[in-house]
Amino acid sequence: MEFLGEVAAWLTDPANWSGRDAIPVRVTEHVALSAVSLSAGLAIALPVGLAIGHTGRWAGAVVAISNVGRAVPSVGVLGIAFVLTLPLVAATGLRGIGVPAALIALTLLAIPPIVLNAHVGIRNVDPELVEAARGMGMTERQVLRRVELPIALPVVMAGVRTAALQVIATATLGAVISAGGLGQYIVVGFALQDIPRMFSGALLVAALALLSDGLFALAQRASVSSGLRAAGMAETPAASFGV
Amino acid sequence: MTDEAPFLRLDWVLDNLDMLAQRTWEHVVLTLIAVGVGVFIAFPLTLLIHRRRRLIGPVLGVAGVLYTIPSLALFALLIPITGAFGLLTPEIGLVSYTLLILLRNGLAGLDGVEPDIIEAASGLGHTRMQRLWQVELPLAAPVLIAGIRIATVTTIGLVAVTALIGQGGLGFVIIVEGIRRSFTTAILVGVVLSIALAVMADRSLVLAERAVTPWARARAGMG
């Protein structure tokens, strides 16, 4: 109980609410890193995933890459991006030396789950529906936008949700390459054995991850097309982890 | 030391083979303990929630929350309780991440066994235990093993983070030897070895799956 008192004291200490290392600054850095990377990842991965799902081309490669992707240590991706960008960033003399590297690494990590789910979601659309749409004279683009995508949307959203979780978790590791964010409290707190600081940082990260995941869960639920919901055709997202 | 150094220094790799072997072995041990304990906990829990459906929500809910908390934060939350040194803190964290994967696939596997088959087994006079071990589990094996494969590969990726709390296996090579010294070779070697471990572990589990489901091959042969 004494320890929790120390944590509460750290979280409410005015010193931790002002200056460069203030809680609002670290929260903002964490959210900004995550949001920018997730958006960039989405912009790249969504068209690719939809195209692969629609045409069926490159599908094997996508599944293979996302399986290997699971095995890549995310801190290694951060590290490689860091050493590659270091000479460039050092030359500009900017603060936050790890930020560009973190943005690149987080964007890369956001891509595989979105591509995979977009592909799987589109693939799983009943082929008869697609044939019917073609029979009605829709172009391929219309089939994708007006039939396949609305039906696949909950699965696509599940991929975005997974990517968001991955990005927020890896942004925490950004502290290792001085990219800021809430991981800074954990890494510095552990190094200094300042346990209340470390624990408070971890609480904030956990809260941020759970909050974001909850919001994406709601968005996923809302993404079921109203027509499907009325017809009772809404598919429940896959219940198991596939290989 | 990086200014003049080439991108990949093979001489460093050759000079540090012993250290790399030791860190790789550490990585394997951290992973084996985590997946082993994860299966040991998840297996009975899966049987329980398969039988008592009311418990599915709460059990998967708790596992889901553990899965959602980023690994570094989970380790940091455990340190005041389980200490900053030794295997306990990293292993509790790593085991937590395997649970959701193993439970979901375990449940999906058992739920996927056709009711007709279960009825037939009961009709043949199987007791509940016999039915479970001789019918349900073998039929669910592909989905169960898929869960173990994903849990294993995910754990191999996560072990690296434990380097930030004094363990780490290949994560030590990536973070302490690599990132902290801006030494590209160590980062690349750590990442490549980690991926190689994951691929080998995954292939081994595929072979294990073939060994325990011989009928799947027979059927594929007939088709």
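These exercises work through chain A of a predicted model.

**Exercise 1. Fold**

Task: State how many helices and strands chain A has, and what pattern they follow.

Solution: 
- Count the elements. Chain A has ten helices and zero strands.
- Read along the sequence. The pattern is α-α-α-α-α-α-α-α-α-α.
- Check the extent. The C-alpha trace spans about 65 × 45 × 30 Å along its principal axes.
- Check burial. Of the 243 residues, 46% count as buried.
- Check the contacts with a separation of 6 or more. Residues 24 or more positions apart account for 75% of them.

**Exercise 2. Helix 7**

Task: Compare the end-to-end distance of helix 7 of chain A with that of a straight helix, then locate the kink.

Solution: 
- Take the length. Helix 7 covers residues 140-173, which is 34 residues.
- Work out the straight case. At 1.5 Å a residue, a straight helix would reach 50 Å.
- Compare. The end C-alpha atoms are only 42 Å apart, short of that span.
- Look for a bend. A kink of about 60° lies at A:Leu153, shortly before the proline A:Pro154.
- Helix 7 is mostly covered, with 26 of its 34 residues buried.

**Exercise 3. Contact with chain B**

Task: Describe the side of chain A that touches chain B by its elements and its residue classes.

Solution: 
- Start with the totals. In chain A, 39 residues are in contact with 43 residues of chain B.
- List the elements of chain A that give two or more residues. They are helix 3 (59-71), helix 4 (74-92), helix 7, helix 8 (183-191) and helix 9 (195-222).
- Find the largest share. Helix 9 of chain A gives ten residues.
- Sort by class. This side of chain A has 30 nonpolar, seven polar and two charged residues.

Notes. Residues are numbered from 1 along each chain as its sequence is written. Chains are lettered from A and ligands numbered from 1 in the order in which they are written. This is a predicted model: local features need pLDDT of at least 70, side-chain atom pairs count only at pLDDT 80 or more; totals for chains, interfaces and linings use all residues. Helices (H or I, at least four residues) and strands (E, at least two) are DSSP runs, numbered from the N terminus. The expected span of a helix is 1.5 Å times one less than its number of residues. The bend at a residue is the angle between axes fitted to the seven residues ending there and the seven starting there. A residue is buried if 20 or more other C-beta atoms lie within 10 Å of its own, exposed if 12 or fewer, and partly exposed in between; C-beta atoms are placed from the backbone. Two residues are in contact if their C-beta atoms, placed from the backbone, lie within 7 Å. Ala, Val, Leu, Ile, Met, Phe, Trp, Tyr, Cys and Pro count as nonpolar, Asp, Glu, Lys and Arg as charged, and the others, Gly among them, as polar.
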